[in-house]
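Biologist: Please show the sequence and the structure, and then we can go through them one question at a time.

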Amino acid sequence: MFVIDAHLDLSMNALEWNRDLTRPLAEVNQREEGLTDKPDRAKAVVTLPELRKGNIGLVVATQIGRYVAPDNPLPGWHSPEQAWAQTQGQVAWYKAMEDAGEMVQVNDLASLEKHLSLWSDGASTEKKPVGYILSLEGADSIVTVKHLERAYNYGLRAVGPAHYGPGRYAQGTDATGYMGPKGHELLKEMERLNIILDATHLCDDSFWEALDHFNGHVWASHNNCRALVNHNRQYSDEMIKVLIDRGAVIGAALDAWMMVPGWVRGVSTPKGMNCNMEVMVDHIDHICQIAGNALHVGMGTDLDGAFGREQCPYDLETIADLQKVPDLLKKRGYTDEDIQNMMHGNWLRFLRKAWA
């Protein structure tokens, strides 16, 4: 089944992890044997060939560059200008992938429909370019609000104002507080440019403020449910309800600590915590029960978000294993139409409406 994945940090993996994502997954992992600088070395689950194997023909692909103030212990750049430069390197990588025929940017209705036609022509997916919609995870790298239009012009179509900790335009995961005037200015410019607001990573204060001040299209690229994992990174039922009311689609994430309660990074193991893909379906089902339908959930795996097999479901070897999800949903009583909607249809309906 055709799959859309709403959150992949491909350029971060390519540039900061130094992974050649055009190569077979086994080759990427073999090359990393013995490396210890990142916890997921030799445990990667995403490459472009694996996306094609999984019939994942369209992804929301990110740029990311966090600014950190002198008192911020998180990793990141020491000025917004450095963060901007980092994201420009990421754009250059996506463009290089386009030049190589590996990827193609999807940024409006015409390019979306053209790409869908290509992937539904019945031919082998082995040589087809993977479509990508460019998203910015955390807006710290937008040096001034005027930079947003520059980013729109090279294809940026979705922005999450915050990532982890305090941000320049909003407060993110593990932080508290409001967006303030600069954040409101960013939201206003996003609305003018018809850039999608990605509510993911906004802390509760900034989440409610953003939805109060933004009248455009909202989605949540990769989020799970606080009712199942009680952490501020997840959404409360009240937050899920307001997103549903706004017509949002919420992407189910496959990062183990977001899936099962009590996960301890670097200590817990997927098997030890009984973290399998059924748990993903628990989160999906919870959102569907709140909505009363299956129209507000999609795939948003975050599978290359600085973790690999050490921190994802034990029954997932590569991102191509997303093809196991339809059977898991069917076992829960979801119809074929429901399953198609959750694997790709909901994202497509959202995009067609946003870009009409």
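Biologist: Is Cys203 buried or exposed?

Modeller: This is a predicted model, and the value is computed from it. Buried means under 20% relative accessible area. Cys203 has 3% relative accessibility, so Cys203 counts as buried.

Biologist: How many disulfides does the structure hold?

Modeller: A disulfide needs two cysteine sulfur atoms within 2.5 Å. The closest cysteine sulfur to that of Cys203 is in Cys225, 19 Å away, which is too far for a bond. Cys288 is in no disulfide either, with the sulfur of Cys225 as its nearest at 9.5 Å. For the structure, the number of disulfides is zero.

Biologist: What is the relative accessibility of Cys288, and what does Cys288 count as?

Modeller: The cut-off for buried is under 20%. Cys288 has a value of 4%, so Cys288 counts as buried.

Biologist: Where is Leu303 found, and is Leu303 buried or exposed?

Modeller: Leu303 is in the loop between strand S9 (297-299) and helix H12 (325-331). Leaving aside neighbours within four places in sequence, Leu303 is in contact with His7, Leu8, Val45, Val46, Leu254, Cys312, Leu316 and Ile319. The relative accessible area of Leu303 is 1%, so Leu303 is buried.

Biologist: What separates the C-alpha atoms of Leu303 and Ala253?

Modeller: Along the chain, Leu303 and Ala253 are 50 residues apart.

Biologist: Are H5 and H13 roughly parallel or antiparallel to each other?

Modeller: The axes of helix H5 (residues 109-119) and helix H13 (residues 336-354) come within 10 Å and cross at roughly 150 degrees. Angles over 145 degrees count as roughly antiparallel. H5 and H13 are therefore roughly antiparallel.

Biologist: Which residues make the contact between H5 and H13?

Modeller: The crossing of these two helices, H5 and H13, is left-handed. On the H5 side, the contact is made by Leu109, Leu112, Glu113 and Leu116. On the H13 side, the residues are Leu348, Leu351 and Arg352.

Biologist: Is the crossing of H9 and H11 left-handed or right-handed?

Modeller: Helix H9 (residues 237-245) packs against H11 at an angle of about 60 degrees, and the axes are 10 Å apart. Asp237, Ile240, Lys241 and Ile244 of H9 meet His286, Ile287, Ile290 and Ala291 of H11. The crossing of H9 and H11 is right-handed.

Biologist: Is H8 roughly parallel or antiparallel to H9?

Modeller: Helix H8 (residues 204-213) and H9 pack with their axes 12 Å apart, at an angle of about 20 degrees. Angles under 35 degrees count as roughly parallel. That makes the relation of H8 to H9 roughly parallel.

Biologist: Which residues in H9 are met by those in H8?

Modeller: The crossing of H8 and H9 is left-handed. From H8 come Asp204, Phe207, Trp208 and Leu211. In H9, the residues they meet are Glu238, Met239, Val242 and Leu243.

Biologist: What does Gly76 count as in terms of accessibility?

Modeller: Gly76 has its place in the loop between strand S2 (56-63) and helix H4 (80-99). Not counting residues up to four places away in sequence, Gly76 touches Arg66 and Val68. At 33% relative accessibility, Gly76 counts as partly exposed.

Biologist: What is phi of Asn18 near?

Modeller: Most residues other than glycine have a negative phi. Asn18 lies in the loop between helix H1 (10-15) and helix H2 (25-31), and counts as exposed at 66% relative accessibility. Asn18 is a residue other than glycine, yet its phi is positive, near 55 degrees.

Biologist: Where does Asn274 lie?

Modeller: Asn274 is not a glycine, but has a positive phi of about 55 degrees. Asn274 lies in the loop between helix H10 (256-259) and H11.

How values were computed. Residues numbered from 1 in each chain as written. Predicted model: local features only at pLDDT ≥ 70, side-chain atom pairs only at ≥ 80, totals over all residues. Heavy atoms only, no water. Contact = heavy atoms within 4.5 Å. Buried < 20%, exposed > 50% of the residue type's maximum accessible area, 1.4 Å probe, protein only. Axes fitted to C-alpha atoms, helices over the stretch in contact; angles between N-to-C directions. Helix = DSSP H or I, 4+ residues; strand = E, 2+ residues; numbered from the N terminus. Parallel < 35°, antiparallel > 145°, perpendicular 65-115°, else oblique. Left-handed = near helix turned anticlockwise from the far one by under 90°.
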